[in-house]
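Biologist: Could we go through this model together? I would like to begin with how its parts are arranged.

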Amino acid sequence: MIQANERRIGLMGGTFNPIHLGHLIIAEFARHRFGLEKVIFIPAKEPPHKEHEKLLQAEHRCEMVRLAVESNPYFEVSREELDRQGLSYSVDTVKKFYELFGRATQLYFILGADAMLEITTWKNVDKVMKLCYFAAATRPGYTLAEMRRQIEGLPPSFQGRIFTFEIPRIDISSTDIRHYIKNGEPIKYLVPECVEKYIERHKLYR
Ligand code: ATP
Ligand code: MG
């Protein structure tokens, strides 16, 4: 199945609203665990309603991702979903990277346990399954055993395509961070300092 000499690249999708240490930890552990040459962070576009306001927000989210990954030579940011017209589906994104890197490269779509439980609802998930593997990390509230049980219950096309891995449990979510900011509570040590400064400077999430 997976050969040691194959090129492997990680795809880290998310809304990153904003990016936090949980995202960076999951990406770094995936890189190490699966021997990934690099991890490409792919900020998602907002749903198309309330366009103007949301578009600005997308640029802020992307810029924060760029700042957050800058110091890691194995991390990159892609504007693939932001620059694509219309709704963006993961199947189109994965297909794009599959075509870019070629069949000899193994793509690993990195996600947390909560996101893993939702992949069956993705558009054309069977197609996605053929183009990439999934690397699903533990997240507070989900055990590795539960995740494996869930995977066993999925249709045959999913079997052998989803790998689970442990990361240090870090109970941070972007939702919590947005709440902390609204409530005037600190976000220091939950997001990289450059992201904290960016949020302050642009008065985001107040
Ligand atoms: P929100 O609260 O807005 O949903 P989030 O913190 O879940 O934000 P997302 O951008 O939705 O962040 O997540 C992107 C990916 O990162 C998802 O696959 C998610 O499961 C994973 N992820 C986010 N935070 C963690 C964490 N603390 N531990 C493990 N995985 C995480
Ligand atoms: Mg989420």
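Predicted model: local features only at pLDDT ≥ 70, side-chain atom pairs only at ≥ 80, totals over all residues.

Biologist: At about what angle does helix 4 run to strand 4?

Modeller: Helix 4 runs at about 150° to strand 4.

Biologist: Which strands does helix 7 lie across?

Modeller: Helix 7, made of residues 144–152, lies across strand 5 and strand 6. The angle between helix 7 and strand 6 is about 170°.

Biologist: In what order do the strands come in the sheet?

Modeller: The order is 3-2-1-4-5-6, with six strands in an open sheet and parallel pairing. Strand 3 (75–77) and strand 6 (162–165) are the edge strands, and each of them pairs on one side only. From one strand to the next, the twist averages 30°.

Biologist: How many bridges join strand 5 to strand 6?

Modeller: Four bridges join them, and the two strands run parallel. Strand 5 covers residues 133–137. Ala137 stands opposite Phe165, a residue in strand 6.

Biologist: Let us turn to the ligand. How many residues surround ligand 1, and which are the closest?

Modeller: Ligand 1 is surrounded by 22 residues, and the closest are His20, Asp114, Ile170, Ser174 and Thr175. This shell divides into eight nonpolar residues, 11 polar ones and three charged ones.

Biologist: What is 2.8 Å from a polar backbone atom of Ser174?

Modeller: That is an oxygen atom of ligand 1. An oxygen atom of the ligand is also 3.1 Å from a polar backbone atom of Phe16. In the case of Arg139, the side chain takes part: one of its N or O atoms is 3.0 Å from an oxygen atom of ligand 1.

Biologist: How much of the accessible area of ligand 1 does the protein cover?

Modeller: On its own, ligand 1 has 590 Å² of accessible area, and the protein covers 87% of it. The elements that give two or more residues to the shell are strand 1, helix 1 (21–34), strand 4, helix 5 (113–116) and helix 8 (174–182).

Biologist: You mentioned Phe16. Where does Phe16 lie?

Modeller: Phe16 lies in the loop between strand 1 and helix 1. Its phi is near 50°, which is a positive value in a residue other than glycine.

Biologist: And the peptide bond from Asn17 to Pro18: cis or trans?

Modeller: The bond from Asn17 to Pro18 is cis, and its omega is near 0°. Pro18 lies in the loop between strand 1 and helix 1.

Notes: Residues numbered from 1 in each chain as written. Chains lettered and ligands numbered in written order. Heavy atoms only, no water. Pairing = 2+ DSSP bridges. Axes fitted to C-alpha atoms, helices over the stretch in contact; angles between N-to-C directions. Contact = heavy atoms within 4.5 Å. Near = heavy atom within 4 Å. Polar contact = N/O pair within 3.5 Å; in protein donor to acceptor, adjacent residues only side chain to side chain. Areas by Shrake-Rupley, 256 points an atom, 1.4 Å probe, with all protein chains shown as cover. Nonpolar A, V, L, I, M, F, W, Y, C, P; charged D, E, K, R; others polar.
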